[in-house]
Amino acid sequence: MSLLHIVCQNCDGINRVQSETLKQDPRCNACKHLLFINSPLKLTAKNFKAHLSNSDIPVVVFFWNNTCMHYKNMDAAYALVTSNMEPWIRMAKINTEQEQSLAINNKISMSPTLILFRKGYEVSRKTEQMNAGDIMKWITSYI
Ligand SMILES: [Zn+2]
């Protein structure tokens, strides 16, 4: 049994959740929203640090922008992976055109880019088009 810090996708508050109850649709103590909604969390300069440094579960971030011709395929794959990997992984997305400072700070030069973070630190990065199976294989090799 272990206690995990999970950051709310709605209010960015930090919740303590027993690992055994992660699968039972836990809600935020503060705002009562579901901690996971089966859809990638939209990260911005405002909430990036709260989620990256306070999550006990790994955070995977999909850096994307509309000019990438592979974006639509990757986005569909990423949505599928999200519904499979949450709540064991926090799945998030960053629009690099809207969030240029995050793109620069994370040294994003290619689109699409996927980065797996643990406790705020980059553990692995992929800069190629991947299907859902490839993405899941990559994530599970690090957990
Ligand atoms: Zn909340």
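Mentor: Of the 143 residues of the chain, 33% count as buried, meaning that 20 or more other C-beta atoms lie within 10 Å of the residue's own, with C-beta atoms placed from the backbone. This is a predicted model: local features need pLDDT of at least 70, side-chain atom pairs count only at pLDDT 80 or more, and totals for chains, interfaces and linings use all residues. Residues are numbered from 1 along each chain as its sequence is written.

The chain holds four helices and seven strands, which are DSSP runs numbered from the N terminus (helices: H or I, at least four residues; strands: E, at least two). Their order along the sequence is β-β-β-α-β-α-β-α-β-β-α.

Now the sheet. Five strands make up an open, mixed sheet in the order S3-S5-S4-S6-S7; two strands pair if DSSP finds at least two bridges between them. Strand S3 (41–42) and strand S7 (121–126) are the edge strands, each pairing on one side only. Strand S4 (residues 59–64) runs antiparallel to strand S6 (residues 113–118), with five bridges between them. In this pair, Val 59 stands opposite Phe 117 in S6. Helix H2 (residues 71–85) packs on the sheet, where it touches S4 and strand S5 (90–95). The direction of helix H2 makes about 165 degrees with that of S4; axes are lines fitted to C-alpha atoms, for helices over the stretch in contact, and angles run from 0 to 180 degrees between N-to-C directions.

As for the whole chain, among contacts between residues at least 6 apart in sequence, 63% join residues at least 24 apart; a contact needs C-beta atoms, placed from the backbone, within 7 Å.

How values were computed: Contact = placed C-beta atoms within 7 Å. Buried ≥ 20, exposed ≤ 12 C-beta atoms within 10 Å, placed from the backbone.
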